[in-house]
Amino acid sequence: MRIRKLSRQHIDTASRFLQEMVNEMAFFGGHPIRDPDQVLSWFQDHTHAHIERPDHLFLLAERNTTTGKPIGILEAGISERLPVFLPLASLHIHSIYVIPDQRRSGVARRLVEAAFEWGRKNGCVEADLNVLHQSPA
């Protein structure tokens, strides 16, 4: 498996992954979507607008093959805390998605570890992530 920064040529793939993530989140009680037909274009626009920002990170996980098939993505950013709190910079993982047939194989762990490393290099000493979990009935 290879983890690398997302390139512009993979924005469509990353956007489709994010769309799948949102669809799965709805199943687990995530936020309702206003217009499902606009989700893909919103993610594409968002990614194009943020991909070059120095305080933002998009990672792509690929199978370690000659085709480099994308199997997961992660989006993170550096958020500044209010000046009354320490530390001043924190890594926030906005989203992470791994295709279903690659789950429980270490892909998400590798994406998160790469994001933590990037965060440390950019002055972050803490990280946060929100998780949706479906409790058994």
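I looked up helix α2 first: residues 39-50, 12 residues in all, reaching 16 Å from the first C-alpha to the last, close to the 16 Å expected at 1.5 Å a residue. I note that the model is predicted.

Next I asked which residues of α2 are buried. I found Val39, Phe43, Gln44, His46, Thr47 and His50. They cover an arc of only 165° around the axis, so they sit on the same side of α2. On the face turned away from that buried side I noted the exposed residues Asp45 and Ala49.

I then checked what covers the buried residues of α2, and the list includes α1 (11-27), β2 (56-62) and β3 (70-80). The helix α2 lies across β2 and β3 and runs at about 115° to β2.

I picked out His46, which lies in α2. His46 counts as buried because its relative accessible area is 15%, under the 20% cut-off. Leaving aside residues up to four places away in sequence, I found His46 touching His56, Phe58 and Glu75. With Glu75 there is a polar contact between the two side chains, at 2.7 Å.

Last, I traced the sheet. It is open, with five strands in the order β1-β2-β3-β4-β5 and mixed pairing. β1 (2-5) and β5 (127-129) are at the edges with a single partner strand each, so one side of each has no neighbour in the sheet. The twist from one strand to the next averages 25°.

Between β2 and β3 I found seven bridges, and these two strands run antiparallel.

Note on methods:
Residues are numbered from 1 along each chain as its sequence is written. This is a predicted model: local features need pLDDT of at least 70, side-chain atom pairs count only at pLDDT 80 or more; totals for chains, interfaces and linings use all residues. Side-chain values use heavy atoms; hydrogens and water are left out. Helices (H or I, at least four residues) and strands (E, at least two) are DSSP runs, numbered from the N terminus. The expected span of a helix is 1.5 Å times one less than its number of residues. Buried means under 20% relative accessible area, exposed over 50%, partly exposed in between (1.4 Å probe, protein chains only). The arc is that of the directions from the helix axis to the C-beta atoms. Contact means heavy atoms within 4.5 Å. A polar contact is a pair of N or O atoms within 3.5 Å; within protein, one must be able to donate a hydrogen and the other to accept it, and residues adjacent in sequence count only if both atoms are side-chain atoms. Two strands pair if DSSP finds at least two bridges between them. Axes are lines fitted to C-alpha atoms, for helices over the stretch in contact, and angles run from 0 to 180 degrees between N-to-C directions.
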